[in-house]
Amino acid sequence: MALPVNRLLIRILRANLLSGAAYLTVSIVDSATAILIPVTLAAVVDAALGHTATSAPLVWMAVLLVLATGAEAWRELIGVRTSTRASARLRHHLAGHVLRLDGSSRNRLPAGDLLTRLVEGTAETARLVPVVVGTVVSALTSVAGVLALFMIDYRVGLVFVLGAPAVWWLAKGFFRRTAELTTEYQQHQGKLATRMVDALCGVRTIRATGTVEQEIGRVLAPLPALRAHGVRFWLAQRDMGWRLALVAPALQIGALAVAGYGVSTGTVTPGGLVAITGYLGFAMGIFRQAAVLAQFGRVRGSAERLVEVLCAPVSKSGESLFPEGGGVVTIEGVRVSDGDRVVLDEVDLEIPAGSSAAVVGRSGAGKSALAAVAGGLRTPDSGRVLIDGVDLADADPARLREVVAYAFERPVLLGRTVRDAVGYGDRGVDPAAITDALRDSNSASFVARLPDRELTRVGELRLSGGESQRLGLARAFCRETRVLILDDALSSVDTVTEAQISQALERRHWTRLVVAHRMSTAARADKVIWLDDGRVAAVGTHQDLLARRGYRELFGHEGANVVEVPA
C-alpha cells in the first residue's frame, strides 16, 4: 500500500506544481519578512536608546510590515485555491474511477463508505500542497531563527540547540500513529454513512414495520467506535502537546537567561535582547513541527483510503470495434466469484442474433451476475464473452455501449426532465426516437397525463414501480442497439403491459436476454436458460422444460397449476 500511496501524493504535487510554486514563493516572502522584523526592531530600539537621528530603521520597519501583511494575505488565498483545485481534480478522478469499477469491486465498496471517501477523503488529501510547503517553510524559518540566535550570541544558540534532540525524541512514532488513527476514524465514519444511506433508501419499510427506534440504534451502532478513535487521536495530540509544553518553557528561560547575562556584561545590546526574544519565537517553531506532522499524518491516512478505491479493478476494455452483425452473444467458460462464493461456474451459452433468451432460477442462482457479464458491466474471473465475435474485454467502451443496452429492476432516472431522463446517454437522441421509445415501452399514456408531459421535472415525479420501470425501458428503447439486456426490468408491470412491451420488442429484432420470474415471460422467449447455484441446469424451450418438476417449482403458483408435460 505504501508505494501506491506515495505515487498518489507525488501525482498531486506534480499536478499542482505551478500553484505550489506560487504558494511556496509567497510563503518564503512572508517568512523572510517575519525573520527580518526582529533585527529591524532591534535597530529601531538601539537607535532610540542611542538618540540617533536617522529614521531609516523606522522606514524599513514600515516596509516590512506592509510586505508581511500582503504576503500573508496572498499565502492564505493561494493556499485555499490550491487545495480547492486539487480537491476538485481528485474528486473528478475518483468519481470517474468509481463509475468504471467492475461489478465485483462495486459490491465490496458500500455507497456510504464511497461517499465519505469522495467528500472528506479527497478534501483532506488535497491539503497536501499547503501542508508540504508549510512544513518546509516552517522548518526553514525555525532554522533561520536558530542561526540568528547564533549570530547575535552563540551561547544563546547553543542553549537552544542542546534541547533540540528532546523534541525529535518526543515526535518519534507520532506521525505514524496519527496516520493510523486517521485511517481507522474514517473507516468507522464510512460504516456510519453506509448505514445511514441504507436507512434513507428503506425509509418506507422502516415506517411500515414500526422499527424507527431499532433502525436508529442500527445506524448509530458504529458511533461508540468512531468516538473512541476520535478520542484516541486527540489524546495522542494532547500527550505530544504537554510533553512539548514542558520542554519549550525550559529552553526559553535558559536562552533568555543567557541573553540577559549578555546584556549585563555588554556583549548583547538592548536591541539585541529584543531581537533574541523575537527569534526565540521562530526557533521554537521546531516544536510546532509535531502539529505539522499530525496534519501530514491525516493527509496520508486519507490518501490510503483513496488508494484502496483507485486500486480496485475496473471493467476491462480495449480498442476493438464491432463488425456488422445482428448481436450474436457467445459466453465461453465464464466463472464469477464474490469473495469465496462462486456466483457463476463454467457457463457456456450462445444466443443467436435477433432471438430472445429468458434467464430463470431461484434467488441467488446467478441471474443478475449473468446479465452483468453478458453486457460487459462485469468482467468474469475466467472465460470470455463475445458479441459478434468481439471479446468484450478487448472492445472499445464507447462502441460497446452502442451495441448493448440495459434496463434494470430499479431504474434511476438521471436528467432534469422526463425527456432528459429517457434520452440520457453519452450521445444525443432524436426527439422522434424518444417519442417512439415512450410508445413502445407503454409509457406515453401516463407521461401525457403529467403536468408538463415530457418536460415535467424528474424531481416532481411520483411514479409507481411499474411506471419507473417503463421509463427505464424507454431509455433503452430510444437507442439503435443490437443486444438488449433486461435485468428483472418487467417485474413491476402487469402481465397485459408486459405482453404489449414484448410485442414491441419483437418488432425491433434485437437479441434479448431477459431475467425472468414470471412463467409468461419465459413462455414468450425463444429459449430459456435455467440457472441453479451458478451453473446452467438446462437450456431449452419453455414447453420442453415444463416436463421437469424443478423448473415448474421456480414459478410458484403458476408452476404448481401446470399439468405435468410428458418428457
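Contact means heavy atoms within 4.5 Å. This is a predicted model, where local features need pLDDT of at least 70, side-chain atom pairs count only at pLDDT 80 or more, and totals for chains, interfaces and linings use all residues. Residues are numbered from 1 along each chain as its sequence is written, and side-chain values use heavy atoms, with hydrogens and water left out.

**View 1. Where α17 meets α19.** A437, L438 and D440 of α17 touch L471, A474 and F477 of α19. Five residues of this contact are nonpolar, none is polar and one is charged. (Ala, Val, Leu, Ile, Met, Phe, Trp, Tyr, Cys and Pro count as nonpolar; Asp, Glu, Lys and Arg as charged; the others, Gly among them, as polar.)

**View 2. The axes of α17 and α19.** Two packed helices are described by the angle between their axes and the distance between the axes. Helix α17 spans residues 431–440 and helix α19 spans residues 465–477; their axes come within 8 Å and cross at roughly 135 degrees. Therefore α17 is oblique to α19. (Angles under 35 degrees count as roughly parallel, over 145 as roughly antiparallel, 65 to 115 as roughly perpendicular and the rest as oblique.)

**View 3. V63 in helix α3.** V63 sits in α3, residues 56–99. Is V63 buried or partly exposed? V63 is partly exposed, because its relative accessible area is 37%. (Buried means under 20%, exposed over 50%, partly exposed in between, with a 1.4 Å probe and protein chains only.) The C-alpha atoms of V63 and T33 are separated by 9.3 Å. These two residues lie 30 residues apart along the chain.

How values were computed: Axes are lines fitted to C-alpha atoms, for helices over the stretch in contact, and angles run from 0 to 180 degrees between N-to-C directions. Helices (H or I, at least four residues) and strands (E, at least two) are DSSP runs, numbered from the N terminus.
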